[in-house]
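Have the sequence and the structure open as you read.

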Amino acid sequence: MPTSHAPAAPYALPISRPSLRAGSRPTLTDRFLAFDAEHPYVYRILERLTADRLAAGATRVGLKALFEDVRWQLPGGVRGLNNSFTALYARKLIEDHPHWAPAFELRRRRTP
């Protein structure tokens, strides 16, 4: 039976389980998945902020600006909210809301 080897969507998140190998350091994806699992409210805030900006007429949304909004909205901040997670959050937002894809500029990922 032939199989399709179509490339994954450019915004698709990597596998949702850690990719740790014995003796290796956690990858960016591993750290993101752990952070997201521990702080699911961060994603919900980013989702709300994105929806609000798009509803207000924005055609582009920058996750770094949204991260700063999150930092201001949470009184004690969020320990571990790493700016390196912005692209992964953007991909997750697009995965959950494909109609938002034109609002985000994504680049090809070079590392896991």
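## Rings that pair up

Two rings of Phe, Tyr or Trp (its six-membered ring) make a pair if their centres lie within 6.5 Å, and by this rule there are five aromatic pairs here. Take Tyr43 and Tyr89: their ring centres are 6.5 Å apart and their planes sit at 15°, so this pair is stacked (planes under 30 degrees apart). Tyr43 belongs to helix α2 (residues 40-55) and Tyr89 to helix α4 (residues 86-96), so the pair links distant parts of the chain, 46 residues apart. Helices here are DSSP runs (H or I) of at least four residues, numbered from the N terminus.

Tyr89 also pairs with Phe67: the centres are 5.9 Å apart with planes at 70°, which makes the pair edge-to-face (over 60 degrees). Phe67 lies in helix α3 (residues 63-73), so this pair ties α3 to α4 across 22 residues of sequence. Phe32, Phe35, Tyr43, Phe67, Phe85 and Tyr89 form one aromatic cluster.

This is a predicted model, where local features need pLDDT of at least 70 and side-chain atom pairs count only at 80 or more, while totals for chains, interfaces and linings use all residues. Residues are numbered from 1 along each chain as its sequence is written, and side-chain values use heavy atoms, leaving out hydrogens and water.

## Buried or exposed?

Buried means under 20% relative accessible area (1.4 Å probe, protein chains only). Tyr43 is buried at 7%, while Tyr89 is buried at 0% and Phe67 is buried at 0% too.

Now look at α4 as a whole: eight of its 11 residues are buried, so the rest of the structure largely encloses this helix. Those buried residues include Leu88, Ala90 and Ile94. Among the elements covering them are α1 (28-38), α2 and α3.

## How α2 meets α4

Two packed helices are described by the angle between their axes and the distance between the axes. For α2 and α4, the angle is about 70° and the axes are 11 Å apart. The axes are lines fitted to C-alpha atoms over the stretch in contact, with angles running from 0 to 180 degrees between N-to-C directions. The two helices are therefore roughly perpendicular (65 to 115 degrees).

Which residues of α2 and α4 meet? Val42, Tyr43, Leu46, Glu47 and Thr50 in α2 meet Tyr89, Lys92, Leu93 and Asp96 in α4, with contact meaning heavy atoms within 4.5 Å.

How values were computed: Buried means under 20% relative accessible area, exposed over 50%, partly exposed in between (1.4 Å probe, protein chains only). Angles under 35 degrees count as roughly parallel, over 145 as roughly antiparallel, 65 to 115 as roughly perpendicular and the rest as oblique.
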